[in-house]
Amino acid sequence: MRRTASSFPAPDSWRGRFAFLALAAASLWLCIRADASVRPRFGGTLRVQMSERVENLDPRQRPSAPAQTAALERLDTLVFDRLIRLDARGTLQPGLAVSWQYDAQGKRWLFRLRDGVKFSDGTPLTPPVAAMALQQLLGVSFDVSANSDSVVIGADQPLVGLPMQLATGRYFIFRAGDDGSLVGTGPFRYTLIESMGAATHMEFDANETCWAGRPYVDKLALSIGINGDQQADAIAFGQADIVELPPSQVRRAAQRGIRTVSSDPEELFALVLDAARPAVQDPHVRQAISLAIDRTSIANVILQGQGAVAVGLLPNWISGYAHLFPVSFDLPQAKDLLSASGRQLSRSSPLVLVYDSSDTEARAVADRVSVNLREAGIVVQASGQPVDGKAKPPAADVRLVRERTHAPVAAPALFGLLQPLGEPAANMKTLDDVYDAERAPLEAYRVIPLVHVSESYGLSPQVRDWIAPRWGGWDLADVWLGPPASAGSSALGSNAP
Amino acid sequence: MKLADEIGAKMPPGAQASCEFANLSSLPAEDAARIEQSFREALRSWCIPQSAQNAAGVELSVTLSENWKELVWTAQIRTSGATIVLLETSPRTAKSQGAPGAMPLTLRAEKIWEGPRRILDFVTLQPQSPVAPPEFWLLTDDGVVLRQVGGTIISQLQLPRSVPLSRDPVGDLTKDVRDVKASFSGKVCAISSESFSVTECHAVVIGSRNSTDAVGPPTADSIVRQRGNQSAFVEGACPFVRPVLGSGRGDYTEKDFVQLFDPDGFRADAAGIPVSAPIFFAGPVLDISGVEDLGIVVHNLESENYEAYRIFISCSR
């Protein structure tokens, strides 16, 4: 997580820490113990709120709405583990698998399981159980089997990037109980799911036998389906410890004195143009659309400074080469291109732009895009449509999409973006390969990036050791609850603007 | 430079280009200028002098950029027909650290270990021969004792475990007359410093749950050494002061420092007196250990590695 405010304790802060050291030797221990604020503490209930509705934690679900997918994966990390995990540097680290190796062609991979791991119901993790779970998640194009201490994954094609694939996404190891419920090896086990009107309440207990160590908090109380305004109020009034903050709420929350933390800009807002449709068949028209959009206003005004202008699909902090994709806001050139193309996008045949009707940020961005395009002479019919994964995506000339970055490494991150955008994602072994794969849809103006947005949270003063990946997500097993931080304490930073 | 070679290979035969360099990275201007100079040297035969005419119309733009992990070099060779893009990455250079200052004591940190495994504690064993390098024993969070000489791990030993792993494990290595005592996961084991084998282990009474790891019961030894509390008394550093080496008070998300304080300068209503300049680290100080032989363990938040440092104190008064 990015921290823009200085969180470095000044040496002056020793004032409190050592103020008691001159007391009698007999009380020396107690004095320092009482002031030892660094080491984590166990206990307490962590209260978390989320906006996205998730009906159950089954990783076999495939919600097609990106926000639901992200929410489900986030919840699944509470209960389940993957074979491999990503550390905060984006480096692959052993998870339930302690090592992995592959054959010369990369078609057969062997993952040796960690000894002594148990599911939260006490049953041991075995290779057949892990293989069965992965087979269901990877699908029939993979052959997943078990041997004495390992899971073996094979395919007809070389499985380039399989470890990174298994370290992200929904590839969790689970075991189906006799009653059909799923249990995992993760830090928590869920004990309660109940609907409360529009919201759902879930409770999780600490998994005392978690192989990676018991989480610090005893219990996790999760309310989901809570809208952004309600979440901001909940954190302000001490009714929650961790809430999600939509971009439009972050600045306001900080002004209310709420501690906020944000990831690096990672979520892509982009326009996807259907080049098969007559309205945007001409590449000059597509280029004109790109030139007509004022991305800076979208980032700074519509998204309240929580977004960064996107010139590529990957944010520059992941790729490092975004300067190779120059974009500009050039209304006159956009008009010239439209004029040269001879296309008329008038009231009688407007450009159809669709966005997720349940997404207030998407609606605001779509409205701004419509205004920009109208200034260039393109009449736009912006239409909110439900994107819940159940209905078929509506036919449209242009779709406004939001896609999250799943990994902080260029190749898998781009792979994860290209697939839902309907763009080919070839094997990408080098940074040159990644650049070429990203350049293709951008140069053809099939995808027009708009902004990258940070993922933001509001934290109560009690929340300690919030160490979340800079590409978003959370790690609630390592969070602990301390006493409220004193005002102005440097021990807990905030990156609120 | 590899990129310079690649540029040479992609240039139109016999052509020279007008060359531009740009620095978009966070590298300091003087460092970037030095790199640009060496790049210009490497590309001398491909770049036309600035005063000369660009007859072939070839343009070369080299840009130093960065992502969060490494420096990214891009080269764009523009000819009349097309643009060729070349990319190359290189690791960032490590930042130097030091602790200058006009304080009575001077701290210096020497890194003896860096790696992805969490280090709980380490001890230094002086060799019999004065010319031999010192031997370090490091205790990892999975109960392995690593024996390192001259930067190389020469052997390792697995300690038995009696309680489950903790998310915030603590362990302790203490030099004895002939052995090293290792406390880890509810057991205290004696390890022979000659044979590097466990000679004896016994369980210790522990609190409930993982509480021993998070908050250990005070012992006579810990009153002096304050292990796990990110502070330790320093014995014998200087004749005029018995300072406390302490870290910051942030949580594990914070960058940290160590600094020496004069405990006699503490009063209930006043600040302690710093007696050294702080040394800053790229992550939290997880452990401070030792009385005469000081060491700290740092979790580097930039590299995600765990680092073990020996701390040396110079008395300058």
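The paragraphs below describe the domains and a strand arrangement of chain A, then turn to chain B. The model is predicted, so local features need pLDDT of at least 70 and side-chain atom pairs count only at pLDDT 80 or more, while totals for chains, interfaces and linings use all residues. Residues are numbered from 1 along each chain as its sequence is written, and chains are lettered from A and ligands numbered from 1 in the order in which they are written.

Chain A is assigned domain 1 (1-41 + 186-262 + 455-497), domain 2 (81-182) and domain 3 (267-453), with bounds from an automatic or database domain assignment. Seven residues of domain 1 of chain A are in contact with seven residues of domain 2 of chain A, contact being C-beta atoms, placed from the backbone, within 7 Å. On the domain 1 side, three of these residues are nonpolar, three polar and one charged; Ala, Val, Leu, Ile, Met, Phe, Trp, Tyr, Cys and Pro count as nonpolar, Asp, Glu, Lys and Arg as charged, and the others, Gly among them, as polar.

Strand β14 (residues 219-224) of chain A pairs in the parallel sense with β1 (residues 45-50) of chain A over six bridges, where pairing takes at least two DSSP bridges. Here Arg47(A) has Ala221(A) as its bridge partner. Strand β13 (residues 199-206) of chain A runs antiparallel to β14(A), also through six bridges, with Phe204(A) opposite Leu220(A).

Turning to chain B, four helices and 21 strands are found, as DSSP runs numbered from the N terminus (helices H or I, at least four residues; strands E, at least two). Of its 317 residues, 37% count as buried, that is, with 20 or more other C-beta atoms, placed from the backbone, within 10 Å of their own. Among contacts in chain B between residues at least 6 apart in sequence, 49% join residues at least 24 apart.

How values were computed
Buried ≥ 20, exposed ≤ 12 C-beta atoms within 10 Å, placed from the backbone. Contact = placed C-beta atoms within 7 Å.
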